[in-house]
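I opened the notebook to look up aromatic rings and then the chain as a whole. My entries follow the order in which I checked things.

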Amino acid sequence: MQYYNQNTLVYLNDEFVKANQAGVDLFGQSLHYGYGAFEGLRAYNTHNGTRIFKAEAHFERLRKSCEALRLPYTWDNRTLIEKTYELLEANNLRAAYIRPLVFSGSNMHLTSSDQANIMIAAWEWGPYLGQNLLRVNISSIERPNAKSFPIEAKASGQYINSILATSDAQRHGFDEALLLDQEGFVAQASSENIFIEKDFKIFTPPLENVFPGITRQTVINICKELGFDIIEKKLTVQDIYTADSAFLSGTAAEIIGIKQVDHVTYKEEWEHSIGASIQRKYKNLVLEQENYEVII
Ligand code: PMP
């Protein structure tokens, strides 16, 4: 996948620069130790023009991630959002995935930095996990322990855990991995939150050991708006196996149904599931379409 070409611009510390001319510091602490924080947003080509979905919430989470990692965050989010719209325009992107990254400079010590940089890049990207129903496995790799790491922060180094879990799942013929927390409950996928449907109710693990997904919160809001029961509860592997249907949520993956977990294939047709209604509503929401589905 090519993320940029010779004309692509990125935003770097208050300037727009060519992506292929923006160098990185080989002595950077972020490069060596994964000490950085990032975000993932999506801009949609709506009938109101290009609109970034939940831009404030994402940049606010970036600020909080930096705070949790003790990385200086010296930028004003309103300005960053304006600059992101300018970046999309400059790269002629109407719909895009957007990646802000805060990273520190030269520092080989294991001490927090008093200086940080920000870069924002954008590129065209379809749904991260594709559009077909997923086959996922229960990973033997656990989610990072909430007591050893601020798991609510979108910290670069944490994604080694995700890379290992997803690669392992794919090596075994699955699309994505579901990770357990330290108590053995199902926490989430490598970079998505999980929801299951059981007896016409929707369940998702509570925030304690999971990443506070903005799409997760949007799904919860959609359920409330559409009148579906939504329950935050610790889920066992058995709960996942015996669900009627299940789906993942994330900015990159959007809402995507699961057809199989390990050896278990869900019997309910995805198209008839509550998840499919939520998926349609989510699409309408991000595209700012008015014709919301009426549930009978
Ligand atoms: N979990 C992890 C570990 C993530 O990195 C992400 C974001 N890619 C999510 C869940 C989903 O979060 P959001 O809905 O805010 O994109």
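This is a predicted model: local features need pLDDT of at least 70, side-chain atom pairs count only at pLDDT 80 or more; totals for chains, interfaces and linings use all residues.

Entry 1. I then counted aromatic pairs and got twelve. One of them joins phenylalanine 38 and tyrosine 159: the ring centres are 4.9 Å apart and the planes meet at 65°, so I noted the pair as edge-to-face.

Entry 2. Next I took phenylalanine 195 and phenylalanine 247. Their ring centres lie 5.1 Å apart with planes at 5°, so this pair is stacked. Strand β11 (residues 193–198) holds phenylalanine 195 and strand β14 (residues 245–250) holds phenylalanine 247, so the pair ties together parts 52 residues apart in sequence. I found a relative accessible area of 0% for phenylalanine 195 and 1% for phenylalanine 247; phenylalanine 195 is buried, and so is phenylalanine 247.

Entry 3. I listed one aromatic cluster, formed by Tyr3, Tyr97, Trp123, Trp125 and Tyr128.

Entry 4. Last, I looked at the whole protein chain. I noted seven helices and 16 strands. Of its 296 residues, 51% count as buried. The radius of gyration is 19 Å, which agrees with the value near 19 Å for a compact globule of 296 residues. Among contacts between residues at least 6 apart in sequence, 69% join residues at least 24 apart.

How values were computed: Residues are numbered from 1 along each chain as its sequence is written. Side-chain values use heavy atoms; hydrogens and water are left out. Helices (H or I, at least four residues) and strands (E, at least two) are DSSP runs, numbered from the N terminus. The radius of gyration is taken over C-alpha atoms; the globule rule is 2.2 Å times the number of residues to the power 0.38. Buried means under 20% relative accessible area, exposed over 50%, partly exposed in between (1.4 Å probe, protein chains only). Contact means heavy atoms within 4.5 Å. Rings of Phe, Tyr and Trp (its six-membered ring) pair if their centres lie within 6.5 Å; planes under 30 degrees apart count as stacked, over 60 as edge-to-face and the rest as tilted.
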